[in-house]
Amino acid sequence: MPALRFLKPLLVSLVILGSGFVIVVYAASEWKMRRTYDLPLPQPPTDFEPDLAAGERMAKIVGCWAGCHGDGGEGGEEIPGIRQVTAPPLGSVIPRYSDAELVRLILHGVKRDGRSAIGMSSYTFWPLGDADIGNIINFLRLQPPADEVARVRKIPFISRLKLLQGKWWLSADQVNTAQPRWGNMPRSNAYERGRFLAAVICAECHGADYRGDALEGGPPLTILAIYDEEEFARLMKTGVSQAGIAVEAMS
Ligand code: HEC
């Protein structure tokens, strides 16, 4: 049949085009993830009053502890979602980093090998003050060394496509160095402290501009207009929304 004569080459061309597309997406995304960033090592902070308790508190607030690296930095978890990446035990990686390399990783999302971290929310660490970073590093350096674990890194095709389309980002590409580092500015009243805390905590899932983050599922924070102070405190402390629903992501 004449129709069949056309169908076969058409199907063959489609298969070739499709495989070509997949190969290009894999190659280009792999290049992006492996490329190195030419960022000089920053000076580690020295001009601050060391405070280990403050370091522990900040390590929990920004999630080095009680976050992706496990309750006490033991790590080994795979972070689910758009990518599957192992958050390593902090005791296995921190001893291999100098202070300057740690500051660069925290502030810029750039690892020791010059490549971007994947899944570390460095853009919410950027607003940390020098003293916060110094205290966090001092505190984490007290952790006993831990063995290395096998590191999973699974990036599905759809995420690679999003990476190339600019709908998902590597940690280093997400940092906006034009944003103020609120932590280096006064934190002497409720407004200034709130501005700092929101930037280092809420922005992770509600977007750097608090207008919502489609990937993390956090809605625009304009929703807070319907909350009174008591309801807001309940949401923060128990994860129960104004409507009385347990919001698991906020737990
Ligand atoms: C780990 C991610 C994450 C972080 C960090 C986070 N949120 Fe959320 N938040 C979410 C998600 C996801 C939802 C939506 C859950 C749903 O709709 O079921 C949400 C919902 C909310 C809601 C709406 C609840 C409602 O009434 O429906 C408010 C308000 C809120 N977050 C405030 C905050 C504030 C303030 C911070 C910072 C102190 C914060 N969130 C930090 C993930 C997060």
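The model is predicted. The protein has 251 residues, and 37% of them count as buried. An iron atom in the ligand is coordinated by H206 and M250. The count of disulfides is 0.

**Overall build**

- The protein contains 10 helices and 3 strands.
- Read from the N terminus, the elements run α-α-β-β-α-α-α-α-β-α-α-α-α.
- The C-alpha trace spans about 80 × 45 × 35 Å along its principal axes.

**Confidence**

- The average pLDDT of the protein is 94.
- A score of at least 70 is reached by 98% of the residues.
- Among the elements, helix α4 (residues 99-108) has the highest mean pLDDT, at 98.
- Strand β1 (residues 77-79) has the lowest, at 71.

**The iron site**

- Two protein atoms coordinate the iron atom of the ligand: NE2 of H206 and SD of M250, at 2.0 Å.
- H206 and M250 link distant parts of the chain, 44 residues apart.
- H206 belongs to helix α9 (residues 190-206), while M250 sits in the segment after α10 (229-238).
- The iron has 6 donor atoms, and the site is octahedral.
- The angles among these donors run from 86 to 179°.
- For comparison, the ideal angles for six octahedral donors are 90 or 180 degrees.
- H206 has a relative accessibility of 8%, so it counts as buried.
- M250 has a relative accessibility of 29%, so it counts as partly exposed.

**Around the ligand**

- The ligand is surrounded by 19 residues.
- The closest are C202, C205, H206, Y227 and M250.
- Helices α9 and α10 are the elements that give two or more residues to this shell.
- Helix α9 supplies the largest share, with 4 residues.
- In the side chain of Y227, an N or O atom is 2.4 Å from an oxygen atom of the ligand.
- In the side chain of H206, an N or O atom is 2.8 Å from a nitrogen atom of the ligand.

**Cysteines**

- The protein has 0 disulfides by the rule used here.
- Take C68 as a case: its closest cysteine sulfur is in C205, 9.0 Å away.
- C68 counts as partly exposed, at 33% relative accessibility.
- C205 also counts as partly exposed, at 29%.
- C205 is one of the residues closest to the ligand.

**Backbone points to check**

- A66 has a phi near 55°, a positive value in a residue other than glycine.
- A66 lies in the loop between α2 (52-61) and β1.
- The relative accessible area of A66 is 48%, so this residue is partly exposed.
- Y210 has a phi near 60°, again a positive value in a residue other than glycine.
- Y210 is placed in the loop between α9 and α10.
- The relative accessibility of Y210 is 26%, so this residue counts as partly exposed.

Technical notes:
Residues numbered from 1 in each chain as written. Heavy atoms only, no water. Donors = N, O, S within 2.8 Å, 3.2 Å for Na, K, Ca; no water. Tetrahedral: all angles 85-135°; square planar, octahedral: opposite > 155°, others 65-115°. Buried < 20%, exposed > 50% of the residue type's maximum accessible area, 1.4 Å probe, protein only. Disulfide = S-S within 2.5 Å. pLDDT = per-residue confidence, 0-100. Near = heavy atom within 4 Å. Polar contact = N/O pair within 3.5 Å; in protein donor to acceptor, adjacent residues only side chain to side chain.
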